[in-house]
Amino acid sequence: MVVPTADSSDETLAARAAAGDGHAFEEIVARYEGCVFRLACRLTSETDAPDVLQNTFLQVYRNLPSFRGESRFATWLYRIATNAALMLRRGRARKPAESLDAFMPQFDEHGVHVDLPAQLQIASRADELIDRQLLVEKARIGIARLPDVYRDAFVLRDLEEMSTTDVAQVLGVEPATVRQRVHRARLMLRGYLSDLAGGKR
Amino acid sequence: MNDISCGSGVELLMEYLEGVLPPEVNAGLEAHVAACERCTAFVASYRETPRILRSATTVELPADIQESLHVFLRRVQR
């Protein structure tokens, strides 16, 4: 059977859904439910992700008539999903996360890396050196230990692979701020992976 | 002319990879990294970090959660 909506652009579907076409809305859900769930897990937890998922599509459904196509539909939807995740996280009493500062790279008084090349490259092979199940578990823990603003920028830019411009739009900050936050997150998580893989920072 | 150290070079990495550094700073950083084994190793691991964590956090939507979403949305649409 040919499903005529399968080739429609997101924007066409959004317009049809806004006009009350239930099938178009279902197609939007089918296209994005997996992505939204994954994003929600990365920004919150697997426990909270189902709530984020429902809230996101509820908001999408209600706000479709006001989608004007000023940004791409995907960016618009990601903004809604991100806000749904951040709202839920805000409602949670946050246990103070153990800082990742100890994993930042170290330099001597001349600005030279303290660690040797063999130690510095270990994080590159973290996925070969660490058991897969353990890595999955530790990755979740490490990301959750980031300060919130670093976590949000890192998740959107590096895990969801959005452009820096789109992340800036979603988070409502300047692209330079996004770069700075993603950079700090990468440095911390790089050192964290290195530590897990048996290297140093 | 090249006064970039490992420490100051690391601070430029994100902007370097995004292609937003001024050309002369860009060239200085590349020259430092090319001549520095430690930075070469560091840059490789800095670049791999997002890929490794992306792969480790790629989850599928479980069928039961998908089904609850659909039930919820059908109720909303009524």
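1. As a caution at the outset, this is a predicted model. The lining of the largest cavity is made up of 8 nonpolar residues and 1 polar residue, with no charged residues among them.

2. That lining consists of Cys6(B), Gly9(B), Val10(B), Leu13(B), Leu29(B), Val33(B), Cys39(B), Phe42(B) and Val43(B), and the elements that each supply at least two of its residues are α1 (6–10), α3 (23–35) and α4 (37–56) of chain B.

3. As to its extent, the largest cavity has a volume of about 30 Å³, and the structure holds 1 cavity of 30 Å³ or more.

4. Turning to the interface, 43 residues of chain B are in contact with 52 residues of chain A, and the two chains bury about 4200 Å² between them, of which 68% lies on carbon and sulfur atoms.

5. The polar side of this interface should be read alongside that figure: 22 residue pairs, both members at pLDDT 80 or more, are in polar contact across chain B and chain A, and the count of salt bridges between these chains is 5. One of the salt bridges joins Glu18(B) to Arg179(A), whose closest N and O atoms are 3.0 Å apart.

6. On the side of chain B that touches chain A, two or more residues come from each of α1, α2 (13–17), α4 and α5 (63–77) of chain B, and α4(B) gives the most, with 17 residues. By class, this side of chain B has 23 nonpolar, 11 polar and 9 charged residues.

Key. Residues numbered from 1 in each chain as written. Chains lettered and ligands numbered in written order. Predicted model: local features only at pLDDT ≥ 70, side-chain atom pairs only at ≥ 80, totals over all residues. Heavy atoms only, no water. 1 Å grid on protein atoms, 1.4 Å probe; cavity = no way out; pocket = protein on both sides within 12 Å on 5 of 7 lines; lining within 4 Å. Points joined across faces, edges and corners; volume = space filled by probe spheres on them. Helix = DSSP H or I, 4+ residues; strand = E, 2+ residues; numbered from the N terminus. Nonpolar A, V, L, I, M, F, W, Y, C, P; charged D, E, K, R; others polar. Contact = heavy atoms within 4.5 Å. Buried area = accessible area lost by both parts, 1.4 Å probe. Salt bridge = Lys/Arg side-chain N within 4 Å of Asp/Glu carboxyl O. Polar contact = N/O pair within 3.5 Å; in protein donor to acceptor, adjacent residues only side chain to side chain.
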